[in-house]
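The following note sets out points for a colleague who is reviewing the structure shown below. Please read each point alongside the coordinates.

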Amino acid sequence: MPLMSQDVSFVADALKQAVPYVKTTGIEFEEVSADRIVASLPDDPALRNHIGGPHAAMMFGLGESASGAVVMAAFAAHLGKATPLAVRADISYKKIAMGVLRAEAVLGRSADEVLAELESGTRPEFPVTITITNAEGVITGEMTVVWTLKPAR
């Protein structure tokens with residue numbers, strides 16, 4: 001089945017079950033596809049910093065969760081032969097964030113290319129780029145999470 005035709009609607013509920021942090025923070029998945037995810041973080045006083053906006057850790061967590069969701073969606077049919085793991089992450093805080101935040105995570109390499117590398121015996125690494133915006137669409141953060149697929153033994 002071609003990647004784009006896969007039904008990945010299960011990803012939002014699966015992440016809330018598998019990763020308690022997602023449920024605890026109230027992250028919602030607004031758009032889900034095999035190469036792009038849009039997630040949001042509510043404006044919750046319990047998640048705020050000293051200036052009244054979402055804490056930097058919450059911004060990072062939103063971005064990392066969105067990146068994990070797109071990885072899960074992209075490789076859902078192959079999770080029996082490999083476990084996705086975050087390798088490293090980088091975040092830049094661009095503007096003061098206030099209110100509800102959105103994170104758009106986009107797979108940085110085609111899933112087919114990553115899977116071919118895995119099948120060849122190499123442990124692939126691939127980036128997911130994340131843009132974090134406020135309700136007005138202003139970019140408040142940019143992030144990259146590099147993932148790998150660890151072969152099942």
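A polar contact is a pair of N or O atoms within 3.5 Å, where one must be able to donate a hydrogen and the other to accept it. The model is predicted.

1. Arg109 and its polar partners. The side chain of Arg109 comes within 2.6 Å of the backbone oxygen of Glu125. A further polar contact, also of 2.6 Å, connects the side chain of Arg109 with that of Glu117. Arg109 itself is found in the loop that runs between strand 4 (101–107) and helix 4 (111–119).

2. Burial and surroundings of Arg109. Is Arg109 buried or exposed? Its relative accessible area is 17%, and Arg109 is therefore buried, since the cut-off for that class is under 20%. Apart from neighbours within four places in sequence, the residues in contact with Arg109 are Val114, Glu117, Glu125, Phe126 and Pro127.

3. The salt bridge of Arg109. Side chains of opposite charge can pair when their charged atoms come close. Arg109 forms a salt bridge with Glu113, at 2.7 Å from N to O. Glu113 is partly exposed at 43% relative accessibility, whereas Arg109, at 17%, counts as buried. Elsewhere, salt bridges that share partners join Glu30, Glu31, Arg36, Arg102 and Glu104 into one network.

4. Other salt bridges. How many salt bridges does the structure hold? The number is eleven. One of them pairs the side chains of Lys16 and Glu28, at 2.8 Å from N to O. This pair links distant parts of the chain, with Lys16 in helix 1 and Glu28 in strand 1 (residues 28–32), twelve residues apart. Lys16 has 18% relative accessibility and so counts as buried, while Glu28, with a relative accessible area of 39%, is partly exposed. Another salt bridge brings together the side chains of Asp43 and Arg48, at 2.9 Å from N to O. Asp43 is partly exposed at 36%, and Arg48 is partly exposed at 33%.

5. The largest nonpolar core. This core has 41 residues, of which Phe29 and Phe75 touch the most other members. At least two residues each are supplied by helix 1 (11–18), strand 2 (36–41), helix 3 (56–75), strand 3 (82–93), strand 4, helix 4, strand 5 (125–134) and strand 6 (139–151). Helix 3 gives the largest share, eleven residues. Setting aside residues up to four places away in sequence, Phe75 touches Leu107, Ala111, Val114, Leu115, Phe126 and Leu149.

6. Ser67 is placed in helix 3. With a relative accessible area of 0%, Ser67 is buried. Ala12 belongs to helix 1 and is buried, with a relative accessible area of 13%. The C-alpha atoms of Ala12 and Ala73 are separated by 9.4 Å, although these residues lie 61 places apart along the chain.

7. The largest pocket. Its volume is about 150 Å³. Which residues line the largest pocket? The lining is formed by Leu15, Val19, Tyr21, Val22, Glu64, Ser65, Gly68, Val71, Met72, Leu79, Pro84 and Trp147. Helix 2 (20–25) and helix 3 are the elements that give two or more residues to this lining. The largest share, five residues, comes from helix 3.

8. The loop around Asn49. Asn49 lies between strand 2 and helix 3, in a loop. At 23% relative accessibility, Asn49 counts as partly exposed. A polar atom of the Asn49 side chain lies 3.0 Å from the backbone nitrogen of Ile51, and a polar atom of that side chain lies 3.1 Å from the backbone nitrogen of Gly52. Not counting residues up to four places away in sequence, Asn49 touches Pro54 and His55. From C-alpha to C-alpha, Asn49 and Met98 are 10.0 Å apart in space, and 49 residues apart in sequence.

Key:
Residues numbered from 1 in each chain as written. Predicted model: local features only at pLDDT ≥ 70, side-chain atom pairs only at ≥ 80, totals over all residues. Heavy atoms only, no water. Helix = DSSP H or I, 4+ residues; strand = E, 2+ residues; numbered from the N terminus. Buried < 20%, exposed > 50% of the residue type's maximum accessible area, 1.4 Å probe, protein only. Contact = heavy atoms within 4.5 Å. Core = buried A, V, L, I, M, F, W, Y, C linked by side-chain atoms within 4.5 Å. Salt bridge = Lys/Arg side-chain N within 4 Å of Asp/Glu carboxyl O. 1 Å grid on protein atoms, 1.4 Å probe; cavity = no way out; pocket = protein on both sides within 12 Å on 5 of 7 lines; lining within 4 Å. Points joined across faces, edges and corners; volume = space filled by probe spheres on them.
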